[in-house]
2 protein chains.
Amino acid sequence: MTTELTRDKAFFAFSPDVDPVVRVRQGDEVVLQTHDCFSGQLKTPADTLETLDWSITNPATGPVYIEGTKPGDLLRVDLLEVRATGPSVMVAVPDVGALGDVITEMETTILEHTDDAVVYKDRVKVTQKPMVGVIGVAPAEGEVPNSTPGGHGGNMDCTLVTTGASLYFTVGVEGALFGCGDMHAVMGDGEVVICGAETPGIVRMVPQVVDITGLPTPFLENDELVAVIASAETVDEAYKMALYRMHGFLTDVAGMSTNDAAMLMSLTGDLKFCQVVDPLMTVRFEFPKYVLKEFGFEMPR
Amino acid sequence: MTTELTRDKAFFAFSPDVDPVVRVRQGDEVVLQTHDCFSGQLKTPADTLETLDWSITNPATGPVYIEGTKPGDLLRVDLLEVRATGPSVMVAVPDVGALGDVITEMETTILEHTDDAVVYKDRVKVTQKPMVGVIGVAPAEGEVPNSTPGGHGGNMDCTLVTTGASLYFTVGVEGALFGCGDMHAVMGDGEVVICGAETPGIVRMVPQVVDITGLPTPFLENDELVAVIASAETVDEAYKMALYRMHGFLTDVAGMSTNDAAMLMSLTGDLKFCQVVDPLMTVRFEFPKYVLKEFGFEMPR
């Protein structure tokens, strides 16, 4: 059975207190239409952040109540498809983002989509690599605005969150209260002016509770690699979190020795930036699956 | 004319006060044999850091006096070949590197080389991607130990420093006093336990003074992209330096507008880690050449 949610079913903070808009069963496909991060308010270059209704920025479609999930469960979300439907929008804003103090004039630009690219100012065709910026579950308590990443997921802006990836989250409340949005047709690692090609889109996903003791979340898997994603107030804090969590995964879950895990992280793993412009900074550490396989470990399916 | 330097011609700090071992002409090929970062002292698992002569670690082959270079010149070094000759060595050391406090037992492991891979403990074959860890010129004054990266280059541990890359440095003293070493047969971004596959090797390069006003150095170019490389006490400082320098390059050198440079950095550029384990931390920002071309800019040759 497939459940489809339109993009008007949006929420703006991950929280136990936001009522779910739909209930789905584990293993069933869910199709989520998503808004761009401005809820579609910027349609032409004349639409700038000055006239924006900020209360409806960073929408996520949902929350989706996933039946049979309870606090502490490990939820795997398989992304069957992440498709950008366009058009995309980008903004440059004085004092905003990691380059805000060189930007003096606010600007909005619309990027039309071709089959496989977005077009920047009729000048540069950039191949699409659609990805989901905001994705997660409700935390056990409190509320986290969708602008902010954290242990529950949220605005991680990780370019690996795309078709074929599986995300793992620790369920905070009964039903998980999953949601996602903030798709980018393409974005560079860092997202330095606070946006990629911000686009509406469609996400097809299947949720499933799985049993892997000790998996550090948020965690990501695709055909080639596994990755931990960590967010903190500074990049220096975030990268240390990512390193220790990956080392913990390799030793405690994958069964490698302390030194093998550390040396193979140094030799074959990659520490990478996700974004440096949200209220917390996000990095990831990627580790290749072929190495895990040589140590007799495969992610359970 | 080709000049060849054997790996016993090594120095341990970039400084105006280290005498050059050879003089070469611009445009001539120079072949540098390089030691591994331990000067070949670790030959078996029984050789540990406890018995190491630290005064000869991080050797660079040189210094090479490049005729006709003077302070303020922009020196381009074309890397014709970066070849790892093996075997490689890795170490894990308590309290050293970004994972030092989980490592309790010192360990040395030797990685034999096959044609295109290194072999970790007879268990994991890792495809070689040879790169040079230490590369640079003497600073205008003072001395910088080879363990440390900076504006002169040095221990940047950037995985892009490989066959086909061109590096740009600002000459600090007459003759430039170029050198390189610390090759890795392969290394992950981050270099989290302080080493990759540390190997002896051979670097074939051609030095040439070029005229590009305002290029932020150290700067790197390959077929696909340009990159700025920035080092600072924290990653948070280093990434900001990298962003501003790339933005400065795109506006002042490549002629893009402030907003186009910033938005296209966000859309098509990547902020990446080089290493987080040296006395200063190093990051790079990569920007694709095809975008520069659409703005009518190509790196002069």
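Predicted model: local features only at pLDDT ≥ 70, side-chain atom pairs only at ≥ 80, totals over all residues.

Residues are numbered from 1 along each chain as its sequence is written, chains are lettered from A and ligands numbered from 1 in the order in which they are written, and side-chain values use heavy atoms, with hydrogens and water left out.

**Stop 1: the interface.** Select chain A and chain B. Each chain brings 60 residues to the contact (heavy atoms within 4.5 Å). Together they bury about 4,900 Å², 65% of it on carbon and sulfur atoms; this is accessible area (1.4 Å probe) lost on being put together, summed over both parts. Now pick Met263(B), Leu267(B) and Phe273(B): these supply 15% of the area that chain B buries against chain A, more than any other three residues.

**Stop 2: a salt bridge.** Show the side chains of Lys121(B) and Asp260(A), which form a salt bridge at 2.6 Å, N to O. The count between the two chains is two, taking a Lys or Arg side-chain nitrogen within 4 Å of an Asp or Glu carboxyl oxygen.

**Stop 3: Phe287(B).** Center on Phe287(B). Beyond its neighbours within four places in sequence, its contacts include Leu225(B), Met246(B), Leu264(B) and Leu292(B).

Key: Buried area = accessible area lost by both parts, 1.4 Å probe.
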